[in-house]
Amino acid sequence: MMTTGAGLKQQAIRKLVSQAGHPRGAVGRLVGWLFAYRRSNRQRNRWAVSLLGVQPTDRVLEVGFGPGVAVAELASRATRGQVYGIDHSQVMARQASRRNAAAIRAGRVHLTRASVDQLPSFGEPLDAILAVNTVAFWPDPVQRLQELRRLLRPAGRIALVSQPRSPGATRDTTTRAAQELQDLLTRAGFVHIRVETLDLDPPVACVLATCPAIEAR
Ligand SMILES: C[S@@+](CC[C@H](N)C(=O)[O-])C[C@H]1O[C@@H](n2cnc3c(N)ncnc32)[C@H](O)[C@@H]1O
């Protein structure tokens, strides 16, 4: 059977999308490059970091850092703090490490290849956690969020961001994704949940919440 130009394009898009949850090999490197240089991706990551209210001495973790765009932004704000990141993709860990090489050498950024269901130790409690377009790939996300909550100091902050990238995604898709993230955070024991929206195409939702100030952790 002959494959048309449109068919080949569809196949290529499907291959790229299927890599989003775990970029691997040569296609994974291309996907990482797209994550890093696509204008809306950069805007989304910068905006998400701006909402997290990072202070100069903060200890911050990003889960699923991809090519490390938000890590660089976090490090530019936590100038006297520490930025940690985990991602289970070796390709992403390499790209993010290259992008943040100076801050890693300075001992301010620490990137680890690890899955969110096998969290390494980060020492002292964290002030804030960020996860951009990654929660949908996590196994048992409520349990993962409970584990992340225990890493935060009392009243520590979390931001979960979603810009749906499925073909045909609309404002409604983003609204549904935001609702799902709010439900996950509620079930995981977070409080003061609120949603901010960035008007891209499709819009980006950032769901912010805090760890209870006093609780049985
Ligand atoms: C769609 S990309 C988003 C990357 C980046 N946050 C951004 O917005 O450009 C999803 C990222 O989450 C990572 N990821 C997916 N599941 C993961 C897991 N279980 N543990 C750690 N990282 C994961 C993938 O490897 C990938 O780098």
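Is Phe122 buried or exposed? In this predicted model, Phe122 is buried, with a relative accessible area of 7%.

View 1. The ligand is surrounded by 21 residues. The closest are Arg44, Gly64, Asp87, Val116 and Val132. By type, the shell around the ligand holds 9 nonpolar, 9 polar and 3 charged residues.

View 2. The ligand taken alone exposes 590 Å², and the protein buries 98% of that.

**View 3. The aromatic pair of Trp33 and Tyr37.** A pair of aromatic rings is described by how far apart the centres are and by the angle of the planes. The model has 2 aromatic pairs by the rule used here. In the pair of Trp33 and Tyr37, the ring centres are 5.2 Å apart and the planes stand at 45 degrees, so this pair is tilted. An angle under 30 degrees would count as stacked and one over 60 as edge-to-face, and the rest are called tilted. Both residues lie in helix α2, 4 residues apart, which is about one turn of the helix. Tyr37 counts as partly exposed because its relative accessibility is 47%.

**View 4. The aromatic pair of Tyr84 and Phe122.** Here the ring centres are 5.4 Å apart and the planes are at 65 degrees, so the pair is edge-to-face. Tyr84 belongs to strand β2 (residues 82-87), whereas Phe122 sits in the loop between β3 (109-113) and β4 (126-132). The pair therefore ties together parts that are 38 residues apart in sequence. Tyr84 counts as buried because its relative accessibility is 13%. Phe122, at 7%, is buried too.

**View 5. Val27 in helix α2.** Helix α2 spans residues 25-37 and contains Val27. At 24% relative accessibility, Val27 counts as partly exposed, because buried means under 20% and exposed means over 50%. Leaving out residues up to four places away in sequence, Val27 touches Lys15, Leu16 and Gln19. Val27 and Ala205 are 178 residues apart along the chain, and their C-alpha atoms are separated by 28 Å.

Notes:
Residues are numbered from 1 along each chain as its sequence is written. This is a predicted model: local features need pLDDT of at least 70, side-chain atom pairs count only at pLDDT 80 or more; totals for chains, interfaces and linings use all residues. Side-chain values use heavy atoms; hydrogens and water are left out. A residue is near a molecule or strand if one of its heavy atoms lies within 4 Å of it. Accessible areas come from the Shrake-Rupley method with a 1.4 Å probe; for residues, only the protein chains shown count as cover. Ala, Val, Leu, Ile, Met, Phe, Trp, Tyr, Cys and Pro count as nonpolar, Asp, Glu, Lys and Arg as charged, and the others, Gly among them, as polar. Helices (H or I, at least four residues) and strands (E, at least two) are DSSP runs, numbered from the N terminus. Buried means under 20% relative accessible area, exposed over 50%, partly exposed in between (1.4 Å probe, protein chains only). Contact means heavy atoms within 4.5 Å. Rings of Phe, Tyr and Trp (its six-membered ring) pair if their centres lie within 6.5 Å; planes under 30 degrees apart count as stacked, over 60 as edge-to-face and the rest as tilted.
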